[in-house]
Amino acid sequence: MYTAAFVDPELRGDLSYSQITLPTQLVYCHRHNIEHIVLDRFDPKFEQALETHSIDVGRERKKKKRIWFNKLQAFEKFLASDADAMCLIDLDAYCIAQSPNIFDDHSRGVWIMEESNTEYARQFPQRWEDAFDMPFPALNPSYTNIGVATFDRQSVEFLMPFIMPPYTVDWFTEQDLMMWACWKARIQIQPLDISWNAPINPVKNGKIDDAKILHPRGGMHHERKSTRTAFLDHICQTSII
């Protein structure tokens, strides 16, 4: 299990929530005898993707450094290991200790949760057509959230030519890149159940009752810090675990 945890306050902002979320990942991995690797260093090969990029945030345009591409170094590290499958998990994901081993049912192929109702997802077809000057194909799922995702070795080998830099397209997010890479590699993404990447917005006191891994969401970048803060407050004050 690989956690993207490159810490640089200038690029990532406040990561204090990781003091609660990261230990839950460690406990979960220990319980199931899963090796846990923290990606806490920036890989220079992703310098190109790190360049400042303008994104739409509501009615504004803001400059963001796309640090999230750094998580893709996990695929090289995985192929250098002797493991048969890997899980990519975001730093702000909270593992429920009693949850079953994610690899019991997700060790073959690529498993990612569909997430097609966000602004990012709705804008994806236009980003695709702008990048490739071609009609958007009928992808199923139409968009995903790789905050929690599993991959087997064969799939990663097929994906590597498409997910490693240098990039010929100015990718918006690593999720855009993964959608394109799976399409190019002719890999059918399997639908990871929402309980494994359970969206939670504690501001609205919402949760998935059978959640195995909780993952706070903010609809756009400016909301995410407050969402995570509220999420941790919710964790500490309720019996959600």
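**Notes on the salt bridges, cores and a buried histidine**

1. Start with E76 and K45: their side chains meet in a salt bridge, N to O at 2.9 Å. (For a salt bridge, a side-chain nitrogen of Lys or Arg has to be within 4 Å of a carboxyl oxygen of Asp or Glu.) E76 lies in helix α4 (residues 73-79) while K45 sits in the loop between β2 (37-39) and α3 (47-50), so the pair ties together parts that are 31 residues apart in sequence. Helices here are DSSP runs of H or I with at least four residues, strands are runs of E with at least two, and both are numbered from the N terminus.

2. Before going further, a word on the source. This is a predicted model, where local features need pLDDT of at least 70 and side-chain atom pairs count only at pLDDT 80 or more, while totals for chains, interfaces and linings use all residues. Residues are numbered from 1 along each chain as its sequence is written, and side-chain values use heavy atoms, with hydrogens and water left out.

3. K45 has another partner: its side chain also meets that of D43 in a salt bridge, at 3.0 Å, N to O. How exposed are these residues? K45 is partly exposed at 32% relative accessible area, E76 is partly exposed at 30%, and D43 is buried at 14%. (Buried is under 20% relative accessible area, exposed is over 50%, and partly exposed is in between, with a 1.4 Å probe and protein chains only.)

4. Next pair: K71 and D90, whose side chains form a salt bridge at 2.8 Å, N to O. The pair links distant parts of the chain, with K71 in the loop between β4 (60-65) and α4, and D90 in strand β5 (residues 85-90), 19 residues apart. K71 is buried, with 6% relative accessible area, and D90 counts as buried too, at 18%. As for D43, K45 and E76, salt bridges with shared partners join them into one network. The salt-bridge count comes to 5.

5. Now helix α6 (residues 153-163), where S155, V156, L159, M160 and I163 are buried. Looking down the axis of α6, its buried residues fall within an arc of 145 degrees, so they line one face of the helix. (The arc is taken from the directions from the helix axis to the C-beta atoms.) What do they pack against? The buried residues of α6 pack against α4, β5, β7 (110-114), β8 (144-152) and α7 (174-184), with contact meaning heavy atoms within 4.5 Å.

6. The largest nonpolar core has 40 residues, and F75, M86, F151, L159, I163 and M178 have the most contacts inside it. (A nonpolar core is a set of buried Ala, Val, Leu, Ile, Met, Phe, Trp, Tyr and Cys residues joined through side-chain atoms within 4.5 Å.) Two or more residues come from each of α4, β5, β7, α5 (119-132), β8, α6 and α7, and α7 gives the most, with 6 residues. Neighbours within four places in sequence aside, M178 is in contact with F75, I112, I146, F151, L159 and I163. A second, separate core of 17 residues includes I89, C95, V148 and L192.

7. Last, have a look at H106, in the loop between β6 (94-95) and β7. H106 is buried, at 7% relative accessible area. A polar atom of the H106 side chain lies 2.8 Å from the backbone oxygen of I102. Not counting residues up to four places away in sequence, H106 touches W111, T150, L192 and W196.

Terms used: The arc is that of the directions from the helix axis to the C-beta atoms. A polar contact is a pair of N or O atoms within 3.5 Å; within protein, one must be able to donate a hydrogen and the other to accept it, and residues adjacent in sequence count only if both atoms are side-chain atoms.
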